[in-house]
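Here is a short briefing on one protein chain. Look through the sequence and the model before reading the points.

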Amino acid sequence: MSSSPNRVYAARLVGLPIFDPLGEQVGKVRDLVVTVRSDARQPRVLGLVVEVFGRRRIFVPMTRVTSIDAGQIYTTGLLNMRRFQQRSTETLVIGQMFDRQVTIRTSGVSGTVYDVGMEQARNRDWLLSRVAVQEPSKGLRRRGQTHVVEWDDVEGLARRSPTQAATHLVQAIHEMRPADAATMIHELPPERQRQVIAALDDERLAEVLEELPEDDQVAIVRALDSERAADVLEEMSPDDAADLIAELPEETATLLLELMQPEDAKDVLRLMSYEEDTAGSMMTPEPVIVGPDATIADALALIRNPDLTPAEASVVYVCRPPLETPTGKFLGIAHIQRLLREPPSTLVAGALDESLEPLRPEDSTEQVAAHLATYNLVAAPVVDENGHLAGAVTVDDLLDHLLPENWRENLARQESATEPRPDTRPDTRPNKVITPEMVRRG
């Protein structure tokens, strides 16, 4: 190990890029793996959980880490690409150790862990040496007092509590992209996963649910209180909510639809009324819609909405009132590239592309794919037999239906079916040399 600081704190490592000796990034740090034997004995840091391209998480032993700087980590370039699987004797620092209830021996102060520091010993091992503890907030104070103490001055780190909070882990999850957060939650131990789900707000949980395998989605929703499950479904995009509700037992699905707000339930029921694997079943009923008297400035203001996906923001749909699906007469679409080339004060109706036939709700997945591919589109309108806009299909909607069911879970299963991760103790077995190009090819 060279050019490493004397002490490094775990929370500052999360998200740092991992580089090979040539300076090419191969992944990002997501957690630290340690072995905890007792409160008195400093745990040894076994390695890092690193997310490589393609959202696969691998294990990088600390013996492969050559340098830790303020904003990056370097490795030997010898990485084993087998999927990380946690062992029963291992603890994830971010996922399991943060938010544990502990007591400082010398003062008797109790609080929760919000960070830990590690240092390199003389034998080159990395050990957890410091613990950052935050007291509960008192009165009107926003945050409780914090303390940074030696590892052996803290009691409770070796115990796992079923009532452990998830405040600091949830803070970390809120800073991740939904897909990354879903991967972290999917790989947490069951009891920790339940704690995190209970602590997430409805909007964030909805974003994460949309990225989880179907089996996980169903299990999580069924474990929630019915009122909260309905609230979370309201926060999901209608097409994703419809797909999820369709997987639930009929009695549960009926109850949740009754508890949802009428407008949200109406959109979901309309999508569920279409045959599976058709344009109607996969479309979003909430595309960006404007009237013919809207200006280009009006349209551009709508597609600046940060909640829109890139595909949803690529097209504006022009219709006569009403402007909620099913709309009045569908007039055409305006591509964002065309809108950006026109004066903002001109009418959007003057920038319409009327040359493309819209999709029909009954069109099959294959017909939708052929339509998008033929005309190089990332989104297309779905218009009913009366000429009303019913919704829009985006390329990400299409991919979700083209890929096999539970493709995320199947991918994880295929990766984990390979030979288990090698022992973290020093060995002489060769590891494969990984280049960024090999990682990107999967």
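How many of the 442 residues of the protein chain count as buried? The share is 50%, where buried means under 20% relative accessible area, exposed over 50%, and partly exposed in between (1.4 Å probe, protein chains only). This is a predicted model, in which local features need pLDDT of at least 70, side-chain atom pairs count only at pLDDT 80 or more, and totals for chains, interfaces and linings use all residues. Residues are numbered from 1 along each chain as its sequence is written, and side-chain values use heavy atoms, with hydrogens and water left out.

**Confidence**
- The average pLDDT (the predictor's confidence in each residue, from 0 to 100) is 86 for the protein chain, and 88% of the residues score at least 70.
- Residues 415-442 have a pLDDT below 50, yet this stretch has 48 contacts (heavy atoms within 4.5 Å) in the model beyond near neighbours in sequence.

**Overall fold**
- The protein chain has 18 helices and 18 strands; these are DSSP runs, H or I of at least four residues for helices and E of at least two for strands, numbered from the N terminus.
- Among contacts with a separation of 6 or more in the protein chain, 61% come from residues 24 or more positions apart.

**Pocket and cavities**
- On a 1 Å grid over the protein atoms alone, a cavity is a set of points where a 1.4 Å probe fits but cannot get out, while a pocket is an open set with protein on both sides within 12 Å along at least five of seven lines; lining residues have an atom within 4 Å of a point.
- The largest pocket has a volume of about 1600 Å³, a volume being the space filled by probe spheres set on the points, which are joined across faces, edges and corners.
- Its lining has 46 residues, with P178, E210, E211, D307 and T309 nearest the centre.
- Elements giving two or more residues to this lining include β3 (25-35), α4 (178-187) and α17 (407-416).
- The whole structure holds three cavities of 30 Å³ or more, and the largest cavity has a volume of about 90 Å³.
- Residues lining the largest cavity include D31, R57, F84 and E187.

- S67 lies in strand β6 (residues 65-68) and is buried, with a relative accessible area of 8%.
- The C-alpha atoms of S67 and F19 are 9.7 Å apart, although the two residues are 48 residues apart along the chain.
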